[in-house]
Amino acid sequence: AGLQIGVAPEATLMHAKVVDNTGQGSFESFVAGMEWAVENDADVISASLSTSGYTESLIDPIRNAQSNGVTVVAAVGNGGNNTSGSPANVYDATAVGSVDTEPEFPSNWRFGLTDDRVSGFSGGETVTRADWGESKTPDDWPDSYVVPDVTAPGNVVWSADTNTETATQCRGLTPDTTDLACRQGTSMATPHVAGVVALMES
C-alpha cells in the first residue's frame, strides 16, 4: 500500500496459532502457545485475545513466561468502562487498553478522533485479591492494582490484510487499497505495545 506499518520493523515474528479460523479457542491452547514461545526463546508474547473475569489457570503460565524473561502483553478487552478480562487481569501480564489517534491515512479522510482520549470500547478497573479469591493469588501480588498498565492506539488502525481481493471499508469509507484492513479494539493496541517491548529489548 506504499506505507510503512508496524512498530519494530526488524523484529523476527513467530506465530503460534491458539484459536481456530473463527477466532474460538481454549485456555489450554493459549497456554500451549505461551509454553511453545518460551521454549523457542521469544522475547515478547503479544496476546490479542481476552475473556471476561479472572482465569486462575493463566496465572502460573504467565508467571513462568515472565520468570524466563518473556514479557506477556495482553489486551484488556472491549467491554468498555469498568471492565477488563484475562489474561490481562493477571498482575504479571502487561495489560493494554486503547486510546484514539487520528490516522494520517488516507490523507483526505478525517474520522474526528481526539488524540490520546481513551477509546469508548476500551475498559479498565481496579482488580483486587478478592476478585480472584485470595487463596488463588500469589503472595507477592499487591492487594489491588489497576488494569490496564498502558494504552496505545487501537481505534481506526490500518493493519496488513490477508484478504487482498477486496478493499476493507472503514466507517463507511473504502480506501483505494486491498493491502490494508481497518480494525479497532484493544487487540489492535496490544501489538503496538509488544512492538515497543521489542524495541526496548533490542
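In this predicted model, the side chains of Arg129 and Asp143 meet in a salt bridge, with 3.4 Å from N to O.

**Overall form**

- From the N terminus on, the elements run α-β-β-α-β-β-β-β-α-β-β-β-β-α.
- The radius of gyration of the protein chain is 17 Å, close to the 17 Å that the globule rule gives for 202 residues, so the chain is as compact as a globular protein of that length.
- Along its principal axes, the C-alpha trace spans about 55 × 35 × 35 Å.
- Of the 202 residues in the protein chain, 43% are buried.
- The protein chain exposes about 11,000 Å², and carbon and sulfur atoms supply 45% of that area.
- Among contacts with a separation of 6 or more, 67% are between residues 24 or more positions apart.

**Salt bridges**

- The whole structure contains three salt bridges.
- Asp143 is exposed, with a relative accessible area of 61%.
- Salt bridges with shared partners join Arg63, Asp92 and Asp140 into one network.
- Arg63 forms a salt bridge with Asp92, and their closest N and O atoms are 3.2 Å apart. This pair links distant parts of the chain: Arg63 is in helix H2, while Asp92 is in the loop between strand E4 (85–86) and E5, 29 residues apart.
- Arg63 also meets Asp140 in a salt bridge, at 3.2 Å from N to O. Here Asp140 lies in the loop between H3 and strand E7 (144–147), and the two residues are 77 residues apart.
- The relative accessible area is 24% for Arg63, which is partly exposed. Asp92 is buried at 18%, and Asp140 is exposed at 53%.

**Helix H2**

- Helix H2 covers residues 59–67, and its residues Ile59, Pro61, Ile62 and Ala65 are buried.
- The cover over the buried residues of H2 includes helix H1 (27–39), strand E3 (71–75) and helix H3 (129–132).
- Gly69 follows H2 and has a positive phi, near 80 degrees.

**Aromatic rings**

- The whole structure has eight aromatic pairs.
- One of these pairs, Trp109 with Trp158, is tilted, with 6.4 Å from centre to centre and 50 degrees between the planes.
- Trp109 sits in the loop between strand E5 (94–100) and strand E6 (125–128), and Trp158 sits in strand E9 (residues 157–160); the pair links distant parts of the chain, 49 residues apart.
- Trp109 and Trp158 are both buried.
- Ring pairs also link Tyr54, Tyr91, Trp132, Trp141 and Tyr145 into a cluster.

**Disulfide**

- The structure holds one disulfide, which joins Cys170 to Cys182 with an S to S distance of 2.1 Å.
- Cys170 is in the loop between E9 and strand E10 (180–183), and Cys182 is in strand E10, twelve residues apart.
- Both Cys170 and Cys182 are buried.

- Ala11 is in the segment before H1 and counts as partly exposed at 38% relative accessibility.
- The C-alpha atoms of Ala11 and Gly195 are separated by 8.2 Å, although the two residues are 184 residues apart along the chain.

Conventions:
Residues numbered from 1 in each chain as written. Predicted model: local features only at pLDDT ≥ 70, side-chain atom pairs only at ≥ 80, totals over all residues. Heavy atoms only, no water. Buried < 20%, exposed > 50% of the residue type's maximum accessible area, 1.4 Å probe, protein only. Helix = DSSP H or I, 4+ residues; strand = E, 2+ residues; numbered from the N terminus. Contact = heavy atoms within 4.5 Å. Phe/Tyr/Trp six-rings, centres within 6.5 Å; stacked < 30°, edge-to-face > 60°. Disulfide = S-S within 2.5 Å. Rg over C-alpha atoms; globule rule 2.2 N^0.38 Å. Areas by Shrake-Rupley, 256 points an atom, 1.4 Å probe, with all protein chains shown as cover. Salt bridge = Lys/Arg side-chain N within 4 Å of Asp/Glu carboxyl O.
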